[in-house]
Amino acid sequence: MTKCFSFTASRNRCLRSTFSSSGLRSTLTDLGDGTVIHCWVPKARKETRPNLLLIHGFGANAMWQWGPDIIPKFVRHYNVYVPDLVFFGDSFTTRSDRTESFQARCVHRVMEANSVRKVTVVGLSYGGFVAYSLAAQFKELVERVVICCAGVCLEEKDIAEGLFPVKNVADAADILVPQTPEKMKELMRFTFVKPPVKTPNCILVDFIDEMCSEHIKEKKELILTLAKDRKLSEIPKIPQPTMIIWGDKDQVFPLELGYRLQRHLGDNAVMVVIKNTGHAYIVEKPKEFYKHLKSFLLPPLPHPPPPTATTTAAATTNHQNSALST
């Protein structure tokens, strides 16, 4: 039986309208090797503005994660680029590579296709792995990095040693790529400090049908590949100035991984912890998240110069002349 109405599809149309009205347009870039990447790019790029690349995490497409709380604010200051990673949204590949390194190379080629030579990158969760790899592989492209709740410094042994609430990576993949309302509710419990209460199963099924029913096997392979043979000693140290943002109650990637990344990068990184929030702090506390992004990405407004003796004397004379003429 055909559904009469889909809340998820309706929300997707609203987000598409938000991106379009914010000055972005939808593009498809064929990389010529069986890979096609969808990316939102500026309708009219301004050469005087810096470039900002926003890379999403697991879940729906990029619009759902960088929607109305982020995009309209940054398009005033940046040329903003928002790709869908491979197997999300309208991006796909026929290749077998499932590494974040491959995802980063795809994003790099899209930036090349759009003549972007310098960029600041913000990566959210899984997108943080991709952003980190992009910064490590293409140092001439990436100027600054923001890593948002991405366990870049996790090691395969962390799961066996009990750092995560799941027993193995396969269990994590089943939760992060939910196929039943029960798994979706489990994901929300892991993601939010205060999960939405009593979400009707019909809404959850609708979301799964619209956003989680394609490339299921491939998405799980992305997760399995992420942790396989991963060792801290083999993770490169990126040279770019880096901000790390974490929720203090994150259950997907525990806070210890944020501090581990900060120690790994040393003085090159600054760590920000958002209190009383979990992995989904971009939803739970969007204003605080934006405040930290803004402090790192946007230069402060210049203060007016202090008055000099000359300007003070001129102001006094003008005031006296004004008084005499009244």
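1. Leaving aside neighbours within four places in sequence, L261 is in contact with Y132, I147, V152, C153 and I244, contact meaning heavy atoms within 4.5 Å. L261 belongs to helix α11, which covers residues 255-265; helices (H or I, at least four residues) and strands (E, at least two) are DSSP runs, numbered from the N terminus. With a relative accessible area of 0%, L261 is buried, where buried means under 20% relative accessible area, exposed over 50%, and partly exposed in between (1.4 Å probe, protein chains only). L261 and L154 are 107 residues apart in sequence, and their C-alpha atoms are 8.8 Å apart in space.

2. On the basis of these notes: this is a predicted model, in which local features need pLDDT of at least 70 and side-chain atom pairs count only at pLDDT 80 or more, while totals for chains, interfaces and linings use all residues. Residues are numbered from 1 along each chain as its sequence is written, and side-chain values use heavy atoms, with hydrogens and water left out.

3. Helix α11 also holds E256 and R260, four residues apart, about one turn of the helix. These two form a salt bridge whose closest N and O atoms are 3.8 Å apart, the term being used for a side-chain nitrogen of Lys or Arg within 4 Å of a carboxyl oxygen of Asp or Glu. E256 is partly exposed at 32% relative accessibility, whereas R260 is buried at 13%. A network of salt bridges links D158, E256, R260 and R263.

4. A search of the whole structure finds 13 salt bridges. One of these pairs R98 with E221, with 2.8 Å between the closest N and O atoms. R98 lies in the loop between β5 (92-93) and α4 (100-113) and E221 in helix α10 (residues 216-227), so the pair ties together parts that are 123 residues apart in sequence. R98 counts as buried, at 12% relative accessibility, and E221 as partly exposed, at 21%.

5. A salt bridge also joins the side chains of D97 and R105, at 3.2 Å from N to O. D97 is partly exposed at 21% relative accessibility, and R105 is likewise partly exposed, at 30%.

6. I203 sits in helix α9 (residues 201-211) and is partly exposed, with a relative accessible area of 32%.
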